[in-house]
Amino acid sequence: MSAVHIDRQQASSANNLPSAEALERWVVAVLSHHPEEQRNELTVRFVDDDESYRLNHTYRGKPSPTNVLSFPFESPPEVALPLLGDLIICAPVVQREAREQAKALQDHYAHMVIHGTLHLMGYDHLEDDEAEVMEALECAILAELGIASPYQTVAVEPSDSDTEDKRTNP
């Protein structure tokens with residue numbers, strides 16, 4: 001699949017959000033691993049903490065904002081639409097994580113888009129075996145884009161209350 005259609009929505013006051021071209025490149029990288037996948041349309045909405053908090057609390061029962069939420073489109077069997085679904089990316093959380101984990105911001109956004117798109121396609125990481133498959137695929141796609149594994153341990157300068165290394169954990 002060579003073309004994707006992304007509805008890029010900005011409901012965040014954050015700067016340095018990924019461009020439409022970057023989003024397309026990252027989603028195409030995921031879909032290139034799934035040539036049988038015919039769905040190629042999705043929404044990527046960048047939000048602030050408050051909207052992420054509301055959605056995460058409403059749909060997952062978690063009272064906090066989160067980096068990425070995935071809402072797969074569930075088409076009725078008789079309706080064939082090319083929609084994958086919606087990704088909701090909380091810009092302040094992603095920016096905070098990138099700083100804390102000493103990652104390039106755009107690389108972390110790439111990981112969140114790839115991670116979320118895989119969720120839209122049915123991948124999950126609730127069970128260890130599922131997590132291994134999903135993480136291996138994420139790492140392979142990121143490597144093709146020249147981005148290091150997000151699951152490596154990153155040494156971060158400890159603060160007064162933090163004396164351990166940080167590990168990435170989307």
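**Packing and aromatic pairs in a predicted model**

L87 touches L42, T43, V44, R45, L69, S70, V113, G116, T117 and L120, leaving aside residues up to four places away in sequence; contact here means heavy atoms within 4.5 Å. L87 is placed in strand 4, where helices (H or I, at least four residues) and strands (E, at least two) are DSSP runs numbered from the N terminus. With a relative accessible area of 0%, L87 is buried; buried means under 20% relative accessible area, exposed over 50%, and partly exposed in between (1.4 Å probe, protein chains only). The C-alpha atoms of L87 and R8 are separated by 9.8 Å, while the two residues are 79 residues apart along the chain.

The model is predicted: local features need pLDDT of at least 70 and side-chain atom pairs count only at pLDDT 80 or more, whereas totals for chains, interfaces and linings use all residues. Residues are numbered from 1 along each chain as its sequence is written, and side-chain values use heavy atoms, with hydrogens and water left out.

The protein has five helices and six strands, which run β-α-β-α-β-β-α-α-α-β-β from the N terminus on. Of the 170 residues in the protein, 41% are buried. Among contacts with a separation of 6 or more, 62% are accounted for by residues 24 or more positions apart. The accessible surface of the protein comes to about 9300 Å², and carbon and sulfur atoms hold 47% of that surface. Accessible areas come from the Shrake-Rupley method with a 1.4 Å probe; for residues, only the protein chains shown count as cover.

A search of the whole structure finds two aromatic pairs. Rings of Phe, Tyr and Trp (its six-membered ring) pair if their centres lie within 6.5 Å; planes under 30 degrees apart count as stacked, over 60 as edge-to-face and the rest as tilted. One of the pairs is formed by F46 and Y109, which are edge-to-face at 5.8 Å centre to centre with 85° between the planes. F46 lies in strand 2 (residues 41-47) and Y109 in helix 4 (residues 105-120), so this pair ties together parts that are 63 residues apart in sequence. F46 has 0% relative accessibility and counts as buried; Y109, also at 0%, counts as buried.

Y59 and F71 form another pair, with ring centres 5.1 Å apart and planes at 75°, so the arrangement is edge-to-face. This pair links distant parts of the chain, with Y59 in helix 2 (residues 49-60) and F71 in strand 3 (residues 68-72), twelve residues apart. Y59 is exposed, at a relative accessible area of 57%, and F71 is partly exposed, at 23%.

Helix 2 has twelve residues, which at 1.5 Å a residue should span 16 Å; the end C-alpha atoms are 15 Å apart, in agreement with that figure. The expected span is 1.5 Å times one less than the number of residues in the helix. E51, S52, L55 and N56 are the buried residues of helix 2. They cover an arc of only 125° around the axis, which puts them on the same side of helix 2; the arc is that of the directions from the helix axis to the C-beta atoms. The buried residues of helix 2 pack against strand 1 (5-11), strand 2, strand 3 and strand 4 (83-90). G61, which follows helix 2, has a positive phi near 70°.

In helix 3 (residues 91-100), seven of the ten residues are buried, so this helix is largely enclosed by the rest of the structure. The buried residues are A91, P92, V93, V94, Q95, E97 and A98. They pack against strand 2, helix 2, strand 4 and helix 4. Just after helix 3, A102 takes a positive phi of about 55°.

The loop between helix 4 and helix 5 (128-144) contains G122. At 61% relative accessibility, G122 counts as exposed. G122 and P72 are 8.1 Å apart in space, C-alpha to C-alpha, and 50 residues apart in sequence.

The search of the whole structure finds zero disulfides, a disulfide being a pair of cysteine sulfur atoms within 2.5 Å. C90 counts as buried, at 0% relative accessibility, and C139 as partly exposed, at 22%.
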